[in-house]
Amino acid sequence: MSSPYVIDISNVRKTYSGGVEALRGVSLKVPRGEIFGLLGPNGAGKSTLIKILMTIIRASSCQGVMLGQPVGHKATLAKVGYLPEHVRFPEYLTGRQVIHYSAGLAGVPTRYAKKKTEELLEFVGMKTWAKKPMKTFSKGMKQRIGLAQALVNDPDIVFLDEPTDGVDPKGRKEMREALRELASEGRTVFVNSHLLGELEMICDSAAVMTQGEIVLQGSLSELIQSDGYTLSVEGDLSVDLQTKLERMQVKHENGELTVENKHLAQQLIDTLRASEVNILSMYKNKQSLEDMFLDAVEGMGPGAYQGESKKENKPNKEVVNKEVVS
Amino acid sequence: MKTLWVILLDSYRMMNARKLFWVCIAMSLMVGLGYASVEFDETGYSIGFGMIHFENEFLTKGSPMAQWFYVMIFNEFFVKLWLGGGAILLAIVATASIFPELTKEGAIEVTLSKPVGRWTIFLAKFFGGCLFTFLQSLLFVTIVFIAVGLRVEVWNVTLFWAVPLVTFVFSMLFCVSALIGVMFRSEIFAIIGTLMLWCLSWSAQSFELIAYDLEVVKPNAGYKLNMQTAQLEKLPKGTKPKEPKLLPIAQVLEKPLPKTRAGAELLKRFIVFPDSGSGLESIDFESLRGGRSQSSVLQSMNKELNQRHSTAYVIWGSLAFITVILAIAGFLFVRKDY
């Protein structure tokens, strides 16, 4: 039976000459057939990690597998697609030629590559532009062709490094739809981005990386966990009721009452009804991906790890290295 | 094999998209047509397809002298100046961007992320660059082949030796361009570095040629060059040649460098024209300029000088240079993080 993870790596390290530690023992598991987001501030090491998996950068040390083969196994890349950040295609090629060229390098049989190219041009909405040279394309159009070339070999896993960077809102929406479609076909989509809102809309699971380390990893539903319930009520609360609520550890602010879990929420509702207080609304508090991200990287500076002396004091958070992938 | 083809095709497309490629092709075409424009008739010869006519009682259509003349201008001008110089210079400039473009951020990632070994990519790009000179010289030589056939009725297939030989000479320099391109990712550095190497190589070979002439060829023939008058003087009988002093230094300098000059001169060995029957085969442009033919002693000295290096020495020596430089460049390309 195949592994549930397309990527299962541990202790990935990269130290550049000069002593800069880009990656400091990264361990990561990416579930098969999901959209996986790797988040992190600029310079956190996200692109370095992808480049190691794509054999563009050599790791100082790396254990584990991608698609069941050791990282660095060139032949495995025939089943991998990649759209790099700031991708630059030869300006003299047309959109169609870029996809063909990519297919040729990936070893896709010529006849199949031709058929696939036409399908992909349709898929990314570039069919009518296929004969135009790349130099006439906008950033968004180049990204679309970039996505198409990454898919020409029918990859099991697609790496997209900042795929919506510089793309207009319409293009972003289309990109999201395309990624969902890929996942629905059973492919794993690995998205590297610092645009948290984008990822929140599409990711099934995610990891947060900062200063060359994974500080948080899990499925999105668990990462963006419930943070209690809030009820808004009508009118002022009596002193008696306020005392009761204090004993129940209910936070009271601006006519809104907040409790930590669903049991306390039930008790609160009962208490409020007994006191004939009108409940206007009730909702489940949800931490946004941004909140989660900021919480995870709190106290960490931007860029690569610069050594203990330069690192800001990081609070001992519960979330650090918490493995919640089910 | 398919990958190699894909990268070569891309190299061709890259060249095709560059104006400089077409400028080079146009220049090759013009130089070739310039040669083809020399015509002979019953009263003399003309250039520019009959535009300018010169009356000459010897250089007439079908005369052995006309055949000699036509071959001589090819050897003296088109081989030396165009095939051995101008065409290669243009090719160096036109191909200098290949490796800097390949290794540019955003471009290299796509190429390296494919299931293709880095050595394959590197070598395919190198051969792609050589393809430029190959096509350029093929076009030129084809025109010359047809021109020689039509003008003097000699269909000389040995002319096509020029295609691999010029490509070979170019590859001696292009490997340096590749090394600098991989190291610095700069087109300008690649051009400057390659031209510097070419100059260095040319100077070292010229120094070795002069040293060999003065210290070996002339004393062996019983002559010495008077440095004051620049005239040859006969040495007294029984004078033993001195031990060469400059030649060993020149050889040390010349040996590790690519034999660009000697490589281009190989064209004369490989491209062989049948005897025109004019009896003028030993006369070259220098003799014509001097207004007299060379003495048999001078001819024999020149022959010894021109044949001091064997074809194998030139080819294997240059191949060793190309291999070493390509190995370093390839190693850097393969080991580098992008």
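Good morning. Please bear in mind throughout that the model is predicted.

I begin with the contact between the chains. On one side, 23 residues of chain A take part, and they are in contact with 22 residues of chain B. On the chain A side, the element that gives the most is helix H2, residues 95–105, with four residues. Sorted by class, that side of chain A has 15 nonpolar residues, five polar and three charged.

The buried set includes two lysines, A:Lys46 and A:Lys51, together with A:Ser47, A:Thr48, A:Leu49, A:Ile50, A:Ile52 and A:Leu53. Just after H1(A), the backbone at A:Thr55 takes a positive phi of about 65°.

One of those buried residues, A:Ser47, is also touched by A:Glu85. A:Glu85 is found in the loop between strand S6 (80–83) and H2 of chain A. Is A:Glu85 buried or partly exposed? It has 18 C-beta neighbours inside 10 Å, and therefore counts as partly exposed; the cut-off for a buried residue is 20 or more. Leaving aside residues up to four places away in sequence, A:Glu85 touches A:Asp161, A:Glu162 and A:Asp165 as well as A:Ser47. A:Leu160 lies 75 residues from A:Glu85 in sequence, while their C-alpha atoms are 7.8 Å apart in space.

I now move to chain B and its sheet. This is an open sheet of three strands in the order S1-S2-S3, with antiparallel pairing. Strands S1 (39–40) and S3 (52–55) of chain B each have a single partner strand and stand at the edges, so one side of each has no neighbour in the sheet. Strand S2 of chain B, residues 44–47, is joined to S3(B) by four bridges, and the two run antiparallel. B:Ile47 stands opposite B:Ile52 in S3(B).

The axes of H8 (residues 187–220) and H12 (residues 296–306) of chain B come within 10 Å and cross at roughly 130°. H8(B) and H12(B) are therefore oblique to each other, and their crossing is right-handed. From H8(B), B:Leu209, B:Tyr212, B:Asp213, B:Val217 and B:Lys218 meet B:Met301, B:Glu304 and B:Leu305 of H12(B). The residues of this contact divide into five nonpolar, no polar and three charged.

Thank you.

Conventions
Residues are numbered from 1 along each chain as its sequence is written. Chains are lettered from A and ligands numbered from 1 in the order in which they are written. This is a predicted model: local features need pLDDT of at least 70, side-chain atom pairs count only at pLDDT 80 or more; totals for chains, interfaces and linings use all residues. Two residues are in contact if their C-beta atoms, placed from the backbone, lie within 7 Å. Ala, Val, Leu, Ile, Met, Phe, Trp, Tyr, Cys and Pro count as nonpolar, Asp, Glu, Lys and Arg as charged, and the others, Gly among them, as polar. Two strands pair if DSSP finds at least two bridges between them. A residue is buried if 20 or more other C-beta atoms lie within 10 Å of its own, exposed if 12 or fewer, and partly exposed in between; C-beta atoms are placed from the backbone. Axes are lines fitted to C-alpha atoms, for helices over the stretch in contact, and angles run from 0 to 180 degrees between N-to-C directions. Angles under 35 degrees count as roughly parallel, over 145 as roughly antiparallel, 65 to 115 as roughly perpendicular and the rest as oblique. A crossing is left-handed if the near helix is turned anticlockwise from the far one by less than a right angle, and right-handed if clockwise.
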